[in-house]
Protein chains: 2
Amino acid sequence: VRAPAARVGDAVAAIDTPALVVDLDAMERNLERMAEFARTHRMRLRPHAKMHKSAAIAKLQMAAGAVGVCVQKTSEAEVLASLGVNDIYISNEVVDPAKLARVAALAQRVRLAIAVDSALGVQRLASALAQAGSSMDVFVEVDVGHGRCGVAAAAAGMLAQQVVAHGRSDGGMRFAGLQAYQGRAQHLRGPDERDAAIRHAVALVRAAQAAVTAAGIACPLVTGAGTGTFVHEAASGVYGELQVGSYLFMDRDYADNQPDDSALRFEQALFVKSQVMSRGHSHAVVDAGHKSHAVDSGMPAVRGQALDLLGCSDEHGILRARAGATLPALGDTVWLVPGHCDPTVNLHDHYIAVRGGLDEGRVEAVWAVDARGCVS
Amino acid sequence: VRAPAARVGDAVAAIDTPALVVDLDAMERNLERMAEFARTHRMRLRPHAKMHKSAAIAKLQMAAGAVGVCVQKTSEAEVLASLGVNDIYISNEVVDPAKLARVAALAQRVRLAIAVDSALGVQRLASALAQAGSSMDVFVEVDVGHGRCGVAAAAAGMLAQQVVAHGRSDGGMRFAGLQAYQGRAQHLRGPDERDAAIRHAVALVRAAQAAVTAAGIACPLVTGAGTGTFVHEAASGVYGELQVGSYLFMDRDYADNQPDDSALRFEQALFVKSQVMSRGHSHAVVDAGHKSHAVDSGMPAVRGQALDLLGCSDEHGILRARAGATLPALGDTVWLVPGHCDPTVNLHDHYIAVRGGLDEGRVEAVWAVDARGCVS
């Protein structure tokens, strides 16, 4: 019953609304731009698949040079692994024993890594790995200013010691380095603010590295960074791996950031196609609300028209025209640029991937959002 | 790969997190309370299935006396109809010809109704029904203060005339009355404010009824109302049918409304079960963020503990303890009361339905969120 909004070969005009549409040409340019940045800067690239939740896209990223992908959840790792993605890092903590048993089972089938930030988490992971007889890389997460998960920099040495102590001669845990993501810095509007936040993060990473070294343990890798700040992590000299996600699709929130380097712009490649379903005298109503696009980072923008989405409810969005602009007519197409790409993708079952632009193009592929709803 | 978070018979403690959990005892009391209200007030009850998107729940509501359900989208109607729900009102406009062809096809299989607010919509619906040879009820939507869809009250007569003019001797459109939902009034905090908003809506409904009557057309039914205001619509004397949805599960936003009648309280029956996955000195992090619960109406509340969710990101929520309260420990369960039930349900694939309470109960049923993601 739940067919995709279009079939391969359909014209863009035939895509049912609302639908999650990818401009493939723009996405591929973004893909290559970031891959080239990582090559040029000799950084490992491990894009965050929590954003796209698609095995097809993960494989495109790996074909372009990514070493693997990050995910945030055990169930995301399970789904992507079942579809052939063979190098996955759960860049997040898992402390539930039943879930850790699934993690340990998965580590028998693919190359798997995970983050820890507590002694209890280390103990439980060690038990699960011993039970399953499997091995995996473990990163100690350091709070580098985000104020969410992670230990204080000074405590990283002690936790790394616990990871090492729980290693087994036949495998088990391998201490792989530090997880150091500053999520809040991504959305600071000015490049100077982002630079300052990452300078602070880098200082904390150095302190954590020193604590690990003082414990007599080598620290092979520091992994982190996001689309808003990766140029700063890359310039730091301490990060070795980039976990960028949103660069591939972009969103209104990231577009609102002033660029660090105008030569390194990413293009908007993700849209929600909507249709005007009702017209008032001074407003138009589109058939897409916050069940079609996430509003946690604010309203979507409108592509190519001087229109503002004043607000939305579950299945409606209310458009006003700016001074001098004309409201679209009943039945007209309106392309929304989502406020935040990750949770927008998570609302949809399929991507409609278009080649040749949104005005004249055709549907080249329909991809499942494979790990949609995988929150556990 | 995407198994539900629990199986029938599991203890509540065994439910994987995050998970969408229904307290069945509370839900059934809400179900009966609203059914009794409608019986007592001799109102037709047509609950809004856009909230729960479940055929199993729609059937429970109809078994308790509901005449059918509302939905907001064609694809929701298709999914629920395919699962045996046989009386569905799309309380919203559809103007796309391809979608109207699906509406007309569906009208051959179940009792179907729809709303209109434009002459173009009426013409296109008439064409689709003629093509399919099917019939359905049509409501003219009136803007009764919401400022979204619907014609002005004075224009209702003309649009009703167009509906009647497009009827065919062998069927087609039947003018069924007025759609008159004041969505904004639902969330006004004080009962006096809600009363005033619905008094204004009722005045507009009376004006629209007069316009229809002046056009020589009988107006069989006025349908509308929501969980925040239904006592006012019921008292108005003009509404004949209630479209309440959220009463069944409730949410933090509706709980924040001061009650109209304290004897008519609905209980919180929908929760997101989450787990503490990281602990800082002064905060705890749960494994549920805005991919597990919608934040368009604000943060979730925490059930039974003096904790506040300060904020959340995609997969994390940050908890602080109120003065004198204790933060939960790593691995502890935290029950979140979603800010807004409808879009929260739409994030999940399954309901885990618990009998005997959230502390000592067991899983009695696992229901699919059948129409999840049906935005088209």
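A salt bridge here is a side-chain nitrogen of Lys or Arg within 4 Å of a carboxyl oxygen of Asp or Glu. One such pair joins the two chains: the side chains of Arg102(A) and Asp16(B) meet at 3.0 Å, N to O. Between chain A and chain B the count is 10 salt bridges.

The model is predicted; local features need pLDDT of at least 70, side-chain atom pairs count only at pLDDT 80 or more, and totals for chains, interfaces and linings use all residues. Residues are numbered from 1 along each chain as its sequence is written, chains are lettered from A in the order in which they are written, and side-chain values use heavy atoms, with hydrogens and water left out.

How confident is the predictor in chain A? The average pLDDT is 97, on a scale of confidence in each residue from 0 to 100. In chain A, 100% of the residues score at least 70. For the complex, the predictor gives an ipTM of 0.97 and a pTM of 0.97.

Next, the symmetry. Two copies of a chain are related by a rotation about an axis and a shift along it.

The interface follows. Contact means heavy atoms within 4.5 Å. Chain A brings 59 residues to the contact, and chain B brings 59 residues. Of the interface residues of chain A, 100% are also interface residues in chain B, so the copies meet through the same surface.

The area buried between the chains is about 4600 Å². This is the accessible area (1.4 Å probe) that the two parts lose on being put together, summed over both. Carbon and sulfur atoms give 51% of the buried area. Arg2(A), Arg148(A) and Lys291(A) supply 14% of what chain A buries against chain B, more than any other three residues.

Last, the cysteines. A disulfide is a pair of cysteine sulfur atoms within 2.5 Å. The count over all chains is 0. Cys70(A) is buried, at 0% relative accessibility. Buried means under 20% relative accessible area, exposed over 50%, and partly exposed in between (1.4 Å probe, protein chains only). Cys219(B) is partly exposed, at 22%.
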